[in-house]
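Subject: Structure for you to look at

Hello,

The structure you asked about is below. Please open it first, then read the notes that follow.

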Amino acid sequence: MNKKTILTGIKSSGRPHLGNYIGAIKPALALAQNPAHEALYFIADYHALTTLHDPKEMRHSGYEVAATWLALGLDPARVVFFRQSDVPEIFELAWVLACFTSKGLMNRAHAYKAMVQKNQEAGVDEDAGVHMGLYEYPILMASDILLFDSHLVPVGKDQAQHIEMAADIAGSFNAVYGPVLTIPAPYINEATATVPGLDGRKMSKSYDNVIPLFGDPKKLRKLVMRIVTDSTPPEAPKDPATSSIFQLYESFATPEQIEALRGRYQTGLGWGEAKQALYEVLEAFLEGPRKVYDDLMAHPDIIEGHLAAGRERARTVATATMDRVRKAVGVGRA
Ligand code: TRP
């Protein structure tokens, strides 16, 4: 059987939240279950360095992300689970790819463009605060993807452009040397692409509206109770499709529970009741993983053990691709 390689990177900046679980972790773990897939998932710590310059926080964030994925069911025997900074070949390939990436392509990257626009609006130099790490971010990401011959890259919609850029860059390289690099495609789970946060906008660290996955259950309940609702009176029927509470509920409840709550929306329920129902399914889901998470965070050596095994497996693939690339380009020992 010709397996398809699926790969995704998880930037380790900030505590993982419900939006990360629904939008990224859950679909990625489901993809990894498919025996037709060879999955490689990694902690993109060097991508986090574009914004995170505190060494303690950097290390802690890496462990938080690793412990989160492991606690939620990532099986390190099945998935090659590693840390980007443990694979030096990524950075070697990144240079090669930079030589096949037009500057104009990087000028069009969304994150860079947004910074430039913000600077223009503020009337300052358009590159103010833009470092080369931000500018080259898509090249490093292309390297992550291309080094492992990835076919499919599960990501959120906001990352789709980066995958297209990786495909573009691979195309430019292959146009010169022949089919050396595998052309990747994004895999976007539309249904769960946007998870509502506390204020109804997309759940995102930058909006400060997230519900963290792990932490004190009392705090979890408090946050759920803070989800913004309208002033429809309890007895009035409510539309589940426009309710953040219902959308979150659907990701954690059984089909029977979902139908039951849908019924309560139609007959009329108070928002407090809906929130309590959401809290209960969340707590039922998170209780077990929280124990595993806390245990892993208390024993980072266990996390390191998993990552060390992943590193070996990842580097076996990485060195093979780099040999191919070096030969194609004509560098290194002949
Ligand atoms: N840029 C991605 C994000 O912010 C993380 C990432 C880094 C990634 N390298 C990757 C995702 C390679 C997919 C493939 O979410």
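A cavity is a set of points, on a 1 Å grid over the protein atoms alone, where a 1.4 Å probe fits but cannot get out; a pocket is an open set with protein on both sides within 12 Å along at least five of seven lines, and lining residues have an atom within 4 Å of a point. Grid points are joined across faces, edges and corners, and a volume is the space filled by probe spheres set on the points.

The model is predicted: local features need pLDDT of at least 70 and side-chain atom pairs count only at pLDDT 80 or more, while totals for chains, interfaces and linings use all residues. Residues are numbered from 1 along each chain as its sequence is written, and side-chain values use heavy atoms, with hydrogens and water left out.

The cavity

One cavity of 30 Å³ or more is counted. The largest cavity holds about 40 Å³ of space. Its lining consists of Arg15, Pro16, Thr68, Leu213, Phe214 and Tyr293. Four of these lining residues are nonpolar, one is polar and one is charged. Here Ala, Val, Leu, Ile, Met, Phe, Trp, Tyr, Cys and Pro count as nonpolar, Asp, Glu, Lys and Arg as charged, and the others, Gly among them, as polar.

The ligand

Polar contacts are pairs of N or O atoms within 3.5 Å. In the side chain of Tyr137, an N or O atom is 2.7 Å from a nitrogen atom of the ligand. Asp144 has a polar side-chain atom 2.7 Å from a ligand nitrogen, and for Gln159 the distance is 2.9 Å. The protein buries 89% of the 370 Å² that the ligand exposes when taken alone (Shrake-Rupley method, 1.4 Å probe). Helices (H or I, at least four residues) and strands (E, at least two) are DSSP runs, numbered from the N terminus.

The second largest pocket

This pocket has a volume of about 410 Å³. It is lined by 20 residues, and Met132, Glu136, Tyr137, Ile139 and Leu140 are the closest to its centre. The largest share of the lining, seven residues, comes from α7. By class, the lining has 12 nonpolar, six polar and two charged residues.

Regards

Notes
A polar contact is a pair of N or O atoms within 3.5 Å; within protein, one must be able to donate a hydrogen and the other to accept it, and residues adjacent in sequence count only if both atoms are side-chain atoms.
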